[in-house]
Amino acid sequence: MSDTKNPLPISVEKIGGTSMSDYAAIRDNVVMYDPDHIYGRIFVVSAYGGMTDQLLEHKKSGKPGVYALFANDDSDWGWGDALTGVAQAMCDINASLFSDTHLLQQADQFVRERVEGVRSCLLDLQRLCSYGHFRLDEHLLTVRELLSSLGEAHSAYNMTQLLRTEGLNARFVDLTGWRDDRELTLNERIKDAFSSIDLSKELPIVTGYTYCTEGLMRTFDRGYSEITFSAVACQLNVDEAVIHKEYHLSSADPKVVGADKVVPIGRTNYDVADQLSNLGMEAIHPRAAKGMRQMDIPLRVKNTFEPEHTGTLITRDYVSEKPCVEIIAGKPHLLAIEIFDQDMVGERARYEERLQELIKRFKLRILGRDSNANTLTIYADCSLKQAKRLADAFEERIPSAQITSKKVSVVSAVGSDMEVAGLLARTVQSLADKNINVLAIHQGMRQVDIQIIVVEDDYVSAVQALHGALIEPHNHEYAICAA
């Protein structure tokens with residue numbers, strides 16, 4: 001972005017929740033690390049770590065937060081007590097950040113105003129829906145968005161006030177639509193918010209949640225902060241987008257392989273980022289990446305706690321200098337749902353159509369699929385209960401089908417260019433050497449990934465085996481190189 005108002009190179013930078021919970025690291029390693037490069041930057045912030053779990057539901061365990069309690073209200077005050085707990089947790093965070101009494105009072109007042117405003121809305125909605133003409137489920141998505149906005153508003157407000165105490169001209173940019181009755185699209189709200197900001201002199205701290213007519217949570221649920229981040233980058237046509245995480249985008253998960261064996265990837269492309277996203281190892285949400293890829297905006301993923309490291313640069317057209325495997329990724333705890341029918345031969349389209357209909361109906365997340373003459377198999381991130389529902393519904397339409405499910409994991413070798421003779425053989429041999437049985441395998445013609453299905457208990461061993469065979473022996477530079 002370059003014009004007479006903002007002659008500096010412009011970057012938009014997203015800070016994740018875990019990083020946000022360490023203000024000193026954000027201040028010293030991100031915002032003020034380079035004293036000569038403070039302005040010309042936009043920070044899109046997530047809620048503090050764990051806060052959205054309390055507001056909605058725990059992302060991993062499913063423990064209900066305020067939203068889940070409100071949506072499944074068995075008692076009149078369960079959600080209200082949880083909301084009070086959220087307010088207290090926010091004020092506890094404030095107390096750990098603000099030593100100045102006046103600033104602490106202002107921060108607590110900000111929390112109280114927002115939380116009590118939301119409480120009043122939910123009470124009014126609950127009262128309204130006690131009448132038969134109004135249905136609560138028709139308003140739950142709005143409730144979810146309203147509650148989500150509290151987390152990002154809290155963290156963005158605090159960061160703005162704290163940076164001001166450091167002498168920086170920080171500006172709170174509230175995209176949550178709080179007490180704003182205008183119906184604006186995502187791009188309209190961003191354009192409106194930045195219309196009066198001079199990026200050469202001001203440091204915008206932007207809420208990761210944006211209230212807009214598209215309804216971000218309808219499509220992206222808890223991935224909304226990356227959509228806001230991408231939309232700001234594209235709307236302002238920035239020179240670079242940066243994501244600050246608590247870890248590097250590495251050659252494998254250090255918790256699985258060992259921190260001493262993995263290294264940051266360094267360079268890759270958006271195609272690889274999409275493959276990682278499909279496995280749940282997101283560098284960035286694929287829909288967020290789409291706009292930046294189209295506008296040729298480079299994305300850098302940095303470790304908040306290693307500011308001297310340049311991180312991993314993701315660009316549209318990058319291809320590794322030599323064909324290689326760049327990363328070993330995967331997803332444990334999947335279900336392989338297999339549909340077998342001797343009558344499928346020659347009529348597979350009917351079976352595929354029915355299967356796709358049920359995948360959509362039950363909202364299953366599919367990581368891969370394969371087929372032969374009489375069998376269709378999908379690899380789904382779902383529960384046994386969901387798999388049984390799909391099986392029962394499928395058999396209602398096609399009673400001759402035999403449907404079984406098995407707990408599996410997927411492990412994948414990914415790279416921007418993996419067109420190397422013998423790579424597939426070496427991949428399989430590395431697993432055989434560790435006595436790991438391959439249940440299924442897939443390599444597409446684009447030569448950017450190889451997916452291997454193994455039994456659930458072999459996940460860790462398979463990741464370690466592939467990383468050890470395809471990456472570690474080559475000094476992490478080129479895992480498999482052409483001669």
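Colleague: How close do the axes of helix 12 and helix 13 come, and at what angle do they cross?

Modeller: The axes (lines fitted to C-alpha atoms over the stretch in contact, with angles from 0 to 180 degrees between N-to-C directions) of helix 12, residues 270-278, and helix 13, residues 286-294, come within 10 Å and cross at roughly 170 degrees. Helices here are DSSP runs of H or I with at least four residues, numbered from the N terminus. This is a predicted model, in which local features need pLDDT of at least 70 and side-chain atom pairs need 80 or more, while totals for chains, interfaces and linings use all residues. Residues are numbered from 1 along each chain, and side-chain values use heavy atoms, without hydrogens or water.

Colleague: So are they roughly parallel or antiparallel?

Modeller: Helix 12 and helix 13 are therefore roughly antiparallel, a label for angles over 145 degrees.

Colleague: Which residues meet there?

Modeller: Tyr270, Asp271, Asp274 and Ser277 of helix 12 meet Pro286, Ala289, Met292 and Arg293 of helix 13, where contact means heavy atoms within 4.5 Å.

Colleague: New topic: how many residues are in the largest nonpolar core?

Modeller: That core has 81 residues, and Met292 and Leu299 are among those with the most contacts inside it. Such a core joins buried (under 20% relative accessible area, 1.4 Å probe) Ala, Val, Leu, Ile, Met, Phe, Trp, Tyr and Cys residues through side-chain atoms within 4.5 Å.

Colleague: Which helix gives the largest share?

Modeller: Helix 10, residues 224-236, supplies eight residues, the largest share of this core. A second, separate core has 24 residues, including Tyr23 and Ile38.

Colleague: And what does Leu299 touch?

Modeller: Leaving out residues up to four places away in sequence, Leu299 touches several residues, including Phe229, Tyr270 and Met292.

Definitions and conventions:
Buried < 20%, exposed > 50% of the residue type's maximum accessible area, 1.4 Å probe, protein only. Helix = DSSP H or I, 4+ residues; strand = E, 2+ residues; numbered from the N terminus. Parallel < 35°, antiparallel > 145°, perpendicular 65-115°, else oblique.
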